[in-house]
Amino acid sequence: MSEPTTTTAPDDRGPRSRWGLPEIGGNARFLTAGAIDSLGSGLLFAFQVVYFARTTSMSLVQVGFALTVAQLLAIPAPALFGGLVDRFGPRLVAAVSNLVAGIGFLSYLLAEQFWHVAVLGLLVQVGISGYWTSYGSLVALASTEDNRTRWFGLMQALRNAGVGLGGAIAAVVVGVGGTGWLHWLLVANAVSYAFASWLLISWRPVPQEAPAAVADDEAPAAAKVGYGVVLRDRAFLRLVAVNFVFVLDAMVLSVLLAIYIERTVPGIIWLAGVLLTVNTVLVSLTQTSVSAWVERHRPHRVIALAAVLNAVAFAAFAAAGLVPGWLAIAALTAAMLVYTLAEVVQSPAVSSLSVALAPPALRGRYLAVFQMLSWNVGGALAPALFTTLLSWGRVWPWAVLAALSLLSTTLLSLRAAPAPTA
C-alpha cells in the first residue's frame, strides 16, 4: 500500500503560534471540558481505591477486585457509543457520557458492599468510555486536516497536566483530610463533570466540518452499516494493533514502574514518584512543540520511530535491574527520558491517523473499535500481564514490551485515504 500522506507544504498550513499551538478560535469550551475530564481522571485513578477502603468494610483486595470487574464489564461499551456518535454527533454523546460519569461519582457516596462498588464503578467506566469514544470526533470538529495533529498534541498536553493535578489534589486530600473531605471531593468531581457536559453542549465548533454534506450523502448508507465494515478494514485494524502495543507501553507508569523499582533498588521507591513527575511535566511542556514537528512528517514513520524509542527505553529499564546502586538510578532516569520522548512523538501521530483513516460518516464506529480493542482491552490486560511477567523475573516485562514494540513497526504500511462506507 502507498505511504500515508497527511501533511501539506508548510506554507499552506493554517496559522500557528511559536509554541506549535493550533489556532484555538472559538473552541475554548472544548479545551476547558477536556481539561476538566482529565482532572477527573486524575482524581479517579489516584483516589477511588483509597476512598472505598476507608468508607466501606471491604478489604483492599475486595475493592481492587470489584473495580477490576467494573473495568472488564465496561470493555464493550465503546461499541454502543460508536453508532450513537455517528447518529447524534460526538458533542451530545460526550456531554451525556460526562453526566453519566458524574452521576457515578456522586453515587459512590452510597456504596457499602462489593456489588455496589462493581455496579457504580461500571457506571463511571461507561461514562468515561463514552467520552473517549467521542474524543477523536470532537477533535475533528475543532480542527482542520492540516492542524489536526497539533490539536491532538494540545489535548494530550492538557490531559497530562490535568491528570497530574488531579492526582496531586487527591494525594493532599487523602493525606491531610478525613473521610468528610473524601466525600466532598466526590461531590466536587461530580459537579465538575456536569459543568464539562454543559460546556460541550454549548460549544459551537470552529472550524466545523460540513455536516449537511455528510448527512445528505453518507448518513443513509452509514445508518445501515454495522461494525463489519470496520472489522474488514485491515489497514485500520493494523493501526489498532499498533496502538494496543502503545497502550501496554502507557500502562507501565501506573502498573509496573513503582513495583519494579521497589524490587530492583530497595529503599528508593520515592524515585517512582520523581520519574512520574518528570514524565508529566515534560509531556505537558513539550507536547505541543513536538506535535508541530510530527505534523511535518509521514505518520507511519513517526509512529515507527516512537516504537523504536520505546524499545530502547525498555532496554534501559531492564538494564537497571542488572547493575548496582547509582548506575541503576542513572539507567532508570535515562529510560524515563527516552520513554517520554516516545510518548510525545507517538500520541498525536496515532490519534491523528486514526481519524484520517476513518470515513467521516462512520467515524464513531471506527473510533469505537479503536478505543475498545486497544485502550479498553489493553488497559484491562496490562495488570495481569505485567505482574505475571514480573513473577518470572525482573527483565521479562521489559523484554516482552521491547519485542512487541519492534514487532509493531512491521504493521505500519497504512493507506492515506479512508475506506468506503459500504
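Trainee: What should I know about the model before we start?

Mentor: It is predicted: local features need pLDDT of at least 70, side-chain atom pairs count only at pLDDT 80 or more, and totals for chains, interfaces and linings use all residues. Residues are numbered from 1 along each chain as its sequence is written, and side-chain values use heavy atoms, with hydrogens and water left out.

Trainee: How many helices and strands are there in the chain?

Mentor: The chain has 17 helices and 0 strands. Both are DSSP runs numbered from the N terminus: helices are H or I with at least four residues, strands are E with at least two.

Trainee: Why is α5 called oblique to α16?

Mentor: Start with the angle. The axes of α5 (residues 114–142) and α16 (residues 363–392) cross at roughly 130° and come within 9 Å. That angle makes the α5 and α16 pair oblique. The cut-offs are under 35 degrees for roughly parallel, over 145 for roughly antiparallel, 65 to 115 for roughly perpendicular, and oblique for the rest. Axes are lines fitted to C-alpha atoms, for helices over the stretch in contact, and angles run from 0 to 180 degrees between N-to-C directions.

Trainee: Which residues of α5 and α16 meet?

Mentor: On α5 they include W132, T133 and G136; on α16 they include G364, L367 and Q371. Contact means heavy atoms within 4.5 Å. The residues of this α5 and α16 contact divide into 4 nonpolar, 7 polar and 1 charged. Ala, Val, Leu, Ile, Met, Phe, Trp, Tyr, Cys and Pro count as nonpolar, Asp, Glu, Lys and Arg as charged, and the others, Gly among them, as polar.

Trainee: What makes α14 roughly antiparallel to α17?

Mentor: Helix α14 (residues 299–320) and helix α17 (residues 396–408) have axes that cross at roughly 165° and come within 8 Å. That angle makes α14 roughly antiparallel to α17. Their crossing is left-handed. Among the residues in contact are F314 and F317 of α14, with W398 and L401 of α17. By class, the α14 and α17 contact has 10 nonpolar, 3 polar and no charged residues.

Trainee: Why are α3 and α4 called oblique to each other?

Mentor: The axes of α3 (residues 77–88) and α4 (residues 90–107) cross at roughly 130° and come within 7 Å. They are therefore oblique to each other. F81, L84, V85 and F88 in α3 meet P90, L92, V93 and S97 in α4. That contact has 7 nonpolar, 1 polar and no charged residues.

Trainee: How do you know whether S291 is buried or exposed?

Mentor: S291 has 0% relative accessibility, so S291 counts as buried. Buried means under 20% relative accessible area, exposed over 50%, partly exposed in between (1.4 Å probe, protein chains only). S291 lies in α13 (residues 270–294). Not counting residues up to four places away in sequence, S291 touches T149, R150, G153 and P348.

Trainee: Why does R54 count as partly exposed?

Mentor: Its relative accessibility is 41%, so R54 falls in that class. R54 lies in α1 (residues 28–55). Leaving aside neighbours within four places in sequence, R54 is in contact with V174, G177 and L182.

Trainee: What percentage of the residues of the chain count as buried?

Mentor: Of the 422 residues, 51% count as buried.

Terms used. A crossing is left-handed if the near helix is turned anticlockwise from the far one by less than a right angle, and right-handed if clockwise.
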